[in-house]
Every structure is written in structure tokens, then in C-alpha cells.
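Subject: Structure handover and findings

Hello,

My notes come after it.

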Amino acid sequence: LLTLRHASETGRWVASEAQRVALYQQLLPAVDAVDIELLSEGASEVASAAKQLGKVVVLSHHNSELTPSVAALDALYEQAKALGADIFKVACMAHQAGDVATLSAFLLRHRADNVVVIGMGGAGVSTRVFFPLLGSLFAFACLETAVAPGQLPVAQLQHIWREMGVAVLEAGG
């Protein structure tokens, strides 16, 4: 999954959008899937180039400040589908249980529609454990040091899932 996350959405990319799009296009033949921010200037161009090469397109939205309403998330989902997303990914800051409830409602409404839903921050940790079990397509974990607020080390996430009786994929297996 190739992503060159822009700094405006929790990433580190700070060079021009034209340079980023050119790098996406250069690397697309070597990857299976691409993830680009739905609201970025290059989203349509990268998604189109990926589709032409038969790659999976993930259009994502990251909000490090708050969790939008379900209606706002639905609108983003529709926009992503209109641009050709195979998967829509949303990662939002969850400050309280109500934010997790909002993300849960969105996930349950769209779990058959190829979505990834993540709550960032302390209140969002539970979403990283339980949402993949409720239909979120995949989870993100770190090897040792979290790169996003609330991200768990993969060993800890695997341990939790094993304790719950969930089948866990092992590295290299």
C-alpha cells in the first residue's frame, strides 16, 4: 500500500503536490494499492492512474482535530466513491465516547462497502481493537513506536485478539 501522506492530514509530505503526484505515478507499477487523501488536489489524478494499472485505490480522510458527524462522514464516503475509490478510509481524533459512537455508527452503516474506520487518540484505542472485528477492512499497528495517536504495537494488538479468540495472521505467514 503506497501512501505519501500530506502534512495537512497527519503525514510528513511538505513538498509540492505536483512532485507528490509525479512520485505516486512513478511508484504505482511497483505496488498493489495506493492511498491518497480524498480532499487533496492530486486525488483524482492518482486514483485515475492507479485504476488504469489495475491497482486498488484507497481514498482517505484524516482529521487530527475532531470526529465529524455521521452525515459529514457519509458525504466524504460518497465523494470517495464518485472518484473511484475501492476503499474509503477515515481516521479521526476521538476525544470522548461520543466520538467513538459516531465512528461506530458510520462503520456499521457502511461495513459492507469496503471502509476502514479508525479513531485516533486515547478514546480511539478501542476502535483499533474492535472495528476490524465489526467490518473495518484492516487495522494499523506499529512495530514499536506509534506513528499516530492511540496506535498500538502489533504484538499488543495480536495478544489482545488472541485473548479474545480471534485468529491472528503472523508475520511471514
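Below are the ground rules, then the fold, the cores and a few residues.

This is a predicted model, where local features need pLDDT of at least 70, side-chain atom pairs count only at pLDDT 80 or more, and totals for chains, interfaces and linings use all residues. Residues are numbered from 1 along each chain as its sequence is written, and side-chain values use heavy atoms, with hydrogens and water left out.

Overall fold

The protein chain has six helices and five strands. Both are DSSP runs, numbered from the N terminus: helices are H or I with at least four residues, strands are E with at least two. The order from the N terminus is β-α-β-α-β-α-β-α-β-α-α.

The radius of gyration of the protein chain is 16 Å, which agrees with the value near 16 Å for a compact globule of 173 residues. That radius is taken over C-alpha atoms, and the globule rule is 2.2 Å times the number of residues to the power 0.38. Along the principal axes, the C-alpha atoms fill a box of roughly 45 × 40 × 30 Å.

Of the 173 residues, 46% count as buried. Buried means under 20% relative accessible area, exposed over 50%, and partly exposed in between (1.4 Å probe, protein chains only). Among contacts with a separation of 6 or more, 58% come from residues 24 or more positions apart. A contact means heavy atoms within 4.5 Å.

The accessible surface is about 8,700 Å², and carbon and sulfur atoms hold 57% of it. Areas come from the Shrake-Rupley method with a 1.4 Å probe; for residues, only the protein chains shown count as cover.

Charges: 11 positive side chains and 16 negative ones, with the centres of the two sets 3 Å apart. Lys and Arg count as positive, Asp and Glu as negative; His and the chain ends are not counted. Each charge is placed at NZ of Lys, CZ of Arg, CG of Asp or CD of Glu.

Cores

A nonpolar core is a set of buried Ala, Val, Leu, Ile, Met, Phe, Trp, Tyr and Cys residues joined through side-chain atoms within 4.5 Å. The largest has 31 residues, and Leu59, Phe88 and Val117 touch the most other members. Elements that each supply at least two residues of this core include helix H1 (17-27), strand S3 (56-63) and helix H4 (97-110). H2 gives the largest share, five residues. A second, separate core has seven residues, including Val58, Ile87, Val116 and Ile118.

Residues to look at

Contacts listed here leave out residues up to four places away in sequence.

- Val117 touches Val90, Leu103, Phe106, Leu107, Phe131 and Ser136.
- Val115 sits in strand S5 and counts as buried, at 0% relative accessibility. Its contacts include Tyr77, Phe88, His110 and Ser136.
- Ser136 is in the loop between helix H5 (125-134) and helix H6 (154-163). Ser136 is buried, at 4% relative accessibility. It contacts Leu107, Val115, Val116, Val117 and Phe131.
- Asn114 lies in the loop between H4 and S5. It is not a glycine, yet its phi is positive, about 60 degrees. Most residues other than glycine have a negative phi. Asn114 is partly exposed, with a relative accessible area of 35%.
- Arg109 is in helix H4 and touches Val70 and Asp74.

Best wishes
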